[in-house]
Structure formats: C-alpha cells, structure tokens
Amino acid sequence: MGEFLNQVLAGVANGGIYASLALALVMIYQATQHINFAQGEMATLSTFGAWFLFDAGMPYWVVFALTVFGSFIMGALVERLVVKPVGTASPFAFIAVTVGLLMIANSASHWVGGGDIREFPSPFPGWLGSRYLSAHETGTILVTMIVLVALLTFLKRTPFGLAMRAAAQNPVSSGFVGIRVGLMLTIGWGISAAIGAIAGMMVAPIAFLEPNMMGSILLYAFAGALLGGINNPTGAVIGSFAVGIFENLLGVYVTGSELKLTSALCLIVILLILRPSGLFGKAAVSRV
Amino acid sequence: MTDMLRLTGVSAGYGKTPVLHEVSLSVQRGGVTAVLGANGAGKTTTIRTICGLLPATGEIAIAGKNIVGQTSDRIARLGVAHVPDNRGTFIDLTVRENLLLGAHTRRDGEVEGDIERFLELFPRLKSRIHQQAGNLSGGEQQMLALSRALMLRPQILLLDEPSFGLAPKVVAEIFELLRKVKEEDGLSVLLVEQNARMALMLSDKAYVLESGKVVLSGDSRDLASDDAIRKSYLGY
C-alpha cells in the first residue's frame, strides 16, 4: 500500500508539471480557439534565456520576472510577425504555422544551447519538501495553483479577460461592440508564452535543460487539457494531475515505462472520439 | 444640423460583385430611418457596409465624420451599435457577459444601472441572466442582441431585420422597446426591415431599395398612405 501511495504521489508531482504547460495551452485556446503545437518548444527557448541570465549572475526571482516578461514579448511578436500574416483563413494554415514554429524554436534552442545538458536551479527552500514530495515538486504544484488562480481571475473577473474570450469565440460580433480583436490575439499569445516560460522553469530543474526537454511533456499536457476540457483552466489542471497519476501507475504496474507516452497518445485519441469537450469542458450549445 | 448618419453615393459589394450602386440616404439626429425592400435588394449589405465589414466607395459620415475604410471596432467606438441579422450573440457566454460586452467601450460607472434597466424591460432575460446565451430562444436572443447594442450607449443604432423569424407578439414587444428608447434617449436608428408595415409605423423617413439602388424615398407617413406605392413596392 505504501508503495502504491508513493507511485500515486510521484504521478501527482508529474501532473503538476503537465498542468503548468496545460494552462499555457488553455490560454492560447481561449484566445484563438486553436492549439499551439510550438507551446513546449517556445517554453524551452524561454528557459534557455533564463539560463543565460543566471549565468550572468542574476538572482532567481529577478531572472524569473525578466523571463516571464521577455516571453510575453516573444509570444506577442510571434503572433504579429508570423501568425497574423498567415491569417485565419484555414485551421490547417494555423496548424502548419505552429508546427513550423515548433521546429524553429527547437533549432533556436539547439543553436543557443548547443545540445549540452545543463543544470537549472530550483528556487524552493528545502522545508517545502516532505516524505512524499520533494521541495521542488511541492513548489511546482504551488506555482501551478497560483498561475491557475491568476488566469481564472483574469479571464472570468476582468473586462479585458471577457473581451479576450469574446474575441476568440466570435470575432465579428466582437468588432461590433468595439473590441480590438487583433490586439486581443496578440496579448493572448503573449500571456500564453509567459505561462509557458513558467512551466519551462519548473520543468528544467527536474528534466535538465536541453532542447527537447518539453517534447513529451507537451503531449502529456495536451492529454491533460483534453481530459479536463481545453476551454476550462480548472478542468485542464485536474486533467493534468489525473494524466500524471494515470501514466505513472500504468507505467509501473501494467505496461512498463516504455509505453507511457503511447498511453498518453491513446488517451488523446480516445478522448477526441468519446468526449472532445473533456470532463469539465463546456460543449458548445446553440439553438436557432 | 448635420445628420447623424449620411451615405452619399455609396457603392459596395462582395469581392468583385457589386451589390450597392450609388446609394444615398440619411438618418436625422433622434430620427428613425427605415430601409425597405425585397430579399436580395441590398438591405443587409447596406448595414454591413456602414459597419466597416465591406470595402466601399463614396462617403459614409457619422455626425459629419467620414468612416469609409475604418475597421468595425473603430466604428463601434464612434458610437455606432449594430444588431446584425444573425443577432451576433456570444453563445458560449452568459447573458450577463453578453450585456457587459456591449458596454466594452464605456468607461463610466453606470454600466450596472443600464443592465438593470434592460432586465426590467425584458424580464425574460432577467431569469436567465447567468445562463449561456446559446440556450435562449430566438425571441430572447433578439432581445439580448438589442439590449447588448444599447449597452454601448450608441449615437446611432443599426438594426438588421429585428422581426425576422419571430412571433408577432415578440415583434410587437421589440418595436415597443425601440419606440421607448428612441423617445427616452433621443436615439437615432437605421432600421432595415422586410416587415414594411411595422417599419413605417416606427420610422419618420423611409427608402426602398431594389437591386442595390434607391428607387423610392420619402416621409414614412406619405409612403404608408399611398395605396399605389404600398401595393407595388411594399407588398401589403
């Protein structure tokens, strides 16, 4: 029983990581109704930026703030310079662009990082740790919760967040009430990249910083977001924890660790078939 | 005094297909102008052109300011509210959120008071305030669309077929509200309608479109009382 509990908690720790990236996916979905496949690689690139700031001798939380802000700018620029010119003519164009961005960001990480595996510091003091979770794991879960609450407050409680959701759902009508739809998209990409950067800085101390660090994590985060509901931040976090536990138990007791990623992929496919809006997601309703 | 809205020689269309040909019309301050015509006459195109959805030539002036070539959000911020033919409901958001979005451009502290006002006028919206707007019936969505547009505190309201697909009782309710708001707030309205009888009762001026051209215009009362015109152009 103790062993089982340990495995569940290890899954919870993984889930905290997936949840932080899942929130970035949810954010971009809220702003664009699309998935950004480059989310993970952009986060890795941000984390490399952070590493160089540490290397220059800056304290952790200064680096954290600079990285989040810099990533916001990067995300906004990517939207303005790459995504916007392609337009919203076809969802396939959007997918092609984000897959292209994935490769570009990955190459950029190789270029700045040179493929070396780097250690990345954790900011959390030792007393956060316990018998079951390390200080960093506990800290990651805390940070994810803070991001979740901040994101929910922004989207649900501020006029700006409401305008952003409206712009994503119905851009034409949003124009009629005076919302600057283009600006909303740009800021949505910025916020999403900023959340991704936080995820990257939480992942790096565990996984080591290297260009492909986020590859599989994006897949788990995607599975988590789909499970909980890609348009529901709380659901996506719960879903990510569930995926973390599920893949860990499955890996330990059933399939062996080689098939963990496969099981996540299977989960994605099954969810897309059975319940595309997720467990907690709002299915679109309409009545004419 | 300058008109609230004036179109002068406006031509517009979709891609290379022109729909409107040199349309000129106007809405006085505090006045209601009706645009009538059969399906495909260019009524909806006229409204879409004013909102900045279609490229146009000619001049479209809001209170004397030319808005041709402006984006629709900028035109909205000039005080032009629009109830589109599909009602433009944000179906995934709640009724209350829809109303708040209507006031997106406002920075005054009276938004909550205005929400109360429209909920009093449309009690059916009040009981559904926290429901997803997509769950509303057609009539309720039209009430919501109208309330949302008025939340902008517009200078001019553009209405595209508010009676379309609705029960006569609901249509009467909506026109009653329009009359009330027009009188209380001095709102200017451009009303596009197939229901010529209702439209002529509410408006003080009317234009009849045919194949994208204005073929007839005048005082609403005169048009309504002329039997020949009624039979040949308005169909009732």
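This is a predicted model: local features need pLDDT of at least 70, side-chain atom pairs count only at pLDDT 80 or more; totals for chains, interfaces and linings use all residues.

Let me start with one residue: setting aside the neighbours within four places in sequence, Gly129(A) is in contact with Ser134(A), Ala135(A) and Thr138(A), where contact means that the C-beta atoms of two residues, placed from the backbone, lie within 7 Å. Residues are numbered from 1 along each chain as its sequence is written, while chains are lettered from A and ligands numbered from 1 in the order in which they are written.

Where does Gly129(A) sit? Gly129(A) is found in the loop between helix 4 (91–113) and helix 5 (135–157) of chain A, and here helices are DSSP runs of H or I with at least four residues, strands are runs of E with at least two, and both are numbered from the N terminus. Gly129(A) counts as partly exposed because it has 15 C-beta neighbours inside 10 Å; by this scheme a residue is buried if 20 or more other C-beta atoms, placed from the backbone, lie within 10 Å of its own, exposed if 12 or fewer, and partly exposed in between. Gly129(A) and Gly139(A), ten residues apart in sequence, are 8.5 Å apart in space from C-alpha to C-alpha.

Now to chain A as a whole. Its secondary structure comes to eleven helices and zero strands, and the radius of gyration of chain A is 19 Å, close to the 19 Å that the globule rule gives for 288 residues, so chain A is as compact as a globular protein of that length. That radius is taken over C-alpha atoms, and the globule rule is 2.2 Å times the number of residues to the power 0.38. The C-alpha atoms of chain A fill a box of roughly 60 × 45 × 35 Å along the principal axes, and 49% of the 288 residues count as buried. Of the contacts in chain A between residues at least 6 apart in sequence, 75% join residues at least 24 apart.

One pair of helices in chain A deserves a look. Helix 2 (residues 39–55) and helix 3 (residues 60–86) of chain A pack at an angle of about 145°, with their axes 9 Å apart, the axes being lines fitted to C-alpha atoms over the stretch in contact, and the angles running from 0 to 180 degrees between N-to-C directions. On the helix 2 side are Ser46(A), Gly49(A), Ala50(A), Leu53(A) and Phe54(A), which meet Val63(A), Leu66(A), Thr67(A), Gly70(A) and Ser71(A) in helix 3 of chain A. By class, this contact has five nonpolar, five polar and no charged residues, with Ala, Val, Leu, Ile, Met, Phe, Trp, Tyr, Cys and Pro counted as nonpolar, Asp, Glu, Lys and Arg as charged, and the others, Gly among them, as polar.

Chain B is built from ten helices and ten strands. The radius of gyration of chain B is 17 Å, close to the 18 Å that the globule rule gives for 236 residues, so chain B is as compact as a globular protein of that length. Its C-alpha trace spans about 45 × 40 × 35 Å along the principal axes, and of its 236 residues 47% count as buried.

Phi of Glu22(B) is near 50°, and Glu22(B) lies in strand 2 (residues 17–27) of chain B. For Ser211(B) phi is about 45°, and this residue lies in the loop between strand 9 (205–210) and strand 10 (213–219) of chain B.

How do the chains meet? In all, 20 residues of chain A are in contact with 24 residues of chain B. The largest share of the side of chain A that touches chain B, six residues, comes from helix 6 of chain A, and by class that side has ten nonpolar, six polar and four charged residues.
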